[in-house]
Amino acid sequence: MTQPAIVVLGNGQAGFQVAASLRDGGYDGEIVVLGDESHLPYHRPPLSKAYLLGSVEDAGLAMRPTAYYAEKRIDMRTNSRAKAIDRARKVVSLEDGSEIEYSHLVFAVGARNRPLPVPGADLGGVYFLRTLDEAHALRQRINTAKKVAVIGAGFIGLEFAAAANHSGAKVTVIDVLDRPMARALSPQMASIYTREHTKRGVDLLFNTQVAKLNGVNGQVQSVETTDGRVIEAELVVIGIGVIPNSEIAEAAGLEVRNGIVVNEHLLTSDPNISAIGDVAAHPNPFADGNYVRIESIQNASDQARAVAARLTGKAVAPYGAAPWFWSDQADLKLQIAGLTTGFDKIVLRGDPEGTSCAMYLFLGERLLGVETINRPGDHMTARRLLATRVTVTAEQAADESFDLKQLVQPAKA
Amino acid sequence: MPKITFVEPSGKQVEVDAPAGITLLQAAINNNIQGIVGECGGACQCATCHVYIEAPWTDTLPAVGDMEDAMLESTAADRLPTSRLGCEVEISSAMEGLVVHLPSKQF
Ligand SMILES: Cc1cc2nc3c(=O)[nH]c(=O)nc-3n(C[C@H](O)[C@H](O)[C@H](O)COP(=O)(O)OP(=O)(O)OC[C@H]3O[C@@H](n4cnc5c(N)ncnc54)[C@H](O)[C@@H]3O)c2cc1C
Ligand code: FES
């Protein structure tokens, strides 16, 4: 009898990659990937960047053409939503009532938009930005909208704000915290973004909470803040973070704590179930072994490859890929290497008054990570410094004449 | 539409009609070419769309930008003078007959 399939729940970045890497890694059995959207796997990052501005079309977002899946014998299903799993029988039940047996199950279900719990959030003209369908709708509106409000000054909110500003709209960004990208970025780097977005004509309102959205005939007209300000907007984008899709795992008795909890091999407490990507709370060596949930392409892809390697009998080492991330806002290319929470010292390279600089973030003697704007060389070196765990001192980082690259690439004799 | 030939790692040659305006990465993905990944979706962040451009095209393509140059330092297969990132090369009608080799590895 043939073995049941490896079943992957979710066909986003992580779900696609685990299937592709299983096949490339020599797994010969059946692979079933369930996705609840109507699209084959596509790239999300351009949705808030090039796609909005029309420089990438729908076809350019596809990770692979349709023919790829048949050729690789990957049963890539769309419009197929998993409803529950039965761990004792090792089956997934779908919303259409069918069941699929698994030999191993991978949760790659990602996260969904966090709703804004205020009156009016369901008015027409109010959007979120996570899926291709949402981006498609926004792309229709972005060119004609004159007044745009963005609620949440995170990466996606600010990327959208920059795109709308570029398209000629008057854009106001509102956030409860005191600076942009507050959860992920140093205050020093954040202040550069405040300055640069302001310079380009975007209004940024910090320490400001939204009370409600006002509308006429079901269409949004303005955003009202708790301190009584009214910001006119015919188009509103909400980007206040995400909620991991961990309900199915939780209902099946798996541990859930800000995501599906996995060990250093990305396995849940059930040896037949792994979890990867945006939904996986995993111990990360770059966070001192603390459990983190990381929302990035790097994390989704590297975790997918790690699980595929384990399932094809290759991996032994605990997961520990160096984290990296990027965000494109206007002409500012932000790149982050490492996990920088808890840093206590910043060493600067370049000119923070301009738009090209690097900030090296240390905790004590240890380099936690590097934030850069338009300094790709520093970023790539940082990725390698972190991956190889080479010691960098604050003095070396501070000395612009010292080429940090030589620490990871010893000069050839 | 310019005709472009991709030479896969196995040596297999695939000639495709590629519309001007899309990138070499997109043309390769659309045609299911082996040996290219493009993990970051063309954002110049991953260097898994590394290609080698055959002479005489190496010198006639638009120059390598700063971002691309930094990423090319991190390719899995050796960086050669003919190296480019597929997502950074936009196809133009002048590229009729371009020959693009895929490296043996992207990771
Ligand atoms: C607009 C936008 C821009 C971004 N930009 C960047 C960037 O510049 N750089 C970067 O590093 N990262 C970026 N990210 C983050 C990155 O896209 C995510 O971290 C990554 O997609 C996570 O992959 P994933 O597979 O875990 O989840 P997802 O890609 O979200 O995929 C999960 C899929 O599973 C589906 N699903 C959920 N539940 C079920 C179910 N029960 N049954 C079937 N299917 C289900 C979901 O609908 C979804 O399609 C961006 C994200 C967004 C939304
Ligand atoms: S696709 Fe990632 S660098 Fe080209």
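**Values against cut-offs**

Colleague: Why is A:Ser93 called buried?

Modeller: Its relative accessibility is 18%. Buried means under 20% relative accessible area, exposed means over 50%, and partly exposed lies in between (1.4 Å probe, protein chains only). A:Ser93 therefore counts as buried.

Colleague: What are the ground rules?

Modeller: This is a predicted model, in which local features need pLDDT of at least 70 and side-chain atom pairs count only at pLDDT 80 or more, while totals for chains, interfaces and linings use all residues. Residues are numbered from 1 along each chain as its sequence is written, chains are lettered from A and ligands numbered from 1 in the order in which they are written, and side-chain values use heavy atoms, with hydrogens and water left out.

Colleague: Where does A:Ser93 lie, and what is it in contact with?

Modeller: It lies in strand β5 (residues 91-94) of chain A. Helices (H or I, at least four residues) and strands (E, at least two) are DSSP runs, numbered from the N terminus. Contact means heavy atoms within 4.5 Å. Beyond its neighbours within four places in sequence, A:Ser93 is in contact with A:Ala82, A:Lys83, A:Ala84, A:Ser98 and A:Glu99.

Colleague: Why does A:Gly342 count as partly exposed?

Modeller: Its relative accessibility is 48%, which makes it partly exposed. A:Gly342 is in the loop between β22 (332-338) and β23 (345-351) of chain A.

Colleague: What makes β23(A) and β24(A) partners?

Modeller: Two strands pair if DSSP finds at least two bridges between them. Here seven bridges join β23(A) to β24 (residues 356-363) of chain A, and the strands run antiparallel. One of the bridge partners in β24(A) is A:Met359, for A:Leu348. The two strands form a hairpin with four residues between them.

Colleague: How many disulfides does the whole structure hold?

Modeller: Zero, over all chains. A disulfide is a pair of cysteine sulfur atoms within 2.5 Å. For B:Cys44, the nearest cysteine sulfur is that of B:Cys87, 5.1 Å away, and B:Cys44 is in no disulfide. B:Cys44 counts as buried at 4% relative accessibility. B:Cys46 counts as buried too, at 13%.

Colleague: What makes A:Lys72 and A:Asp24 a salt bridge?

Modeller: A salt bridge is a side-chain nitrogen of Lys or Arg within 4 Å of a carboxyl oxygen of Asp or Glu. The closest N and O atoms of this pair are 3.2 Å apart, and they form a salt bridge. A:Lys72 lies in the loop between α2 (66-71) and β3 (74-77), and A:Asp24 in helix α1 (residues 13-24), so the pair ties together parts that are 48 residues apart in sequence. A:Lys72 is buried at 15%, whereas A:Asp24 is exposed at 56%.

Colleague: Why should helix α7 of chain A span 21 Å?

Modeller: The expected span of a helix is 1.5 Å times one less than its number of residues. Helix α7 (residues 297-311) has 15 residues and should span 21 Å; its end C-alpha atoms are 21 Å apart, which agrees. Its buried residues include A:Ile297, A:Ala304 and A:Val307. What covers its buried residues includes α1 and β6 (99-107). Just after α7(A), A:Gly313 takes a positive phi of about 75°.
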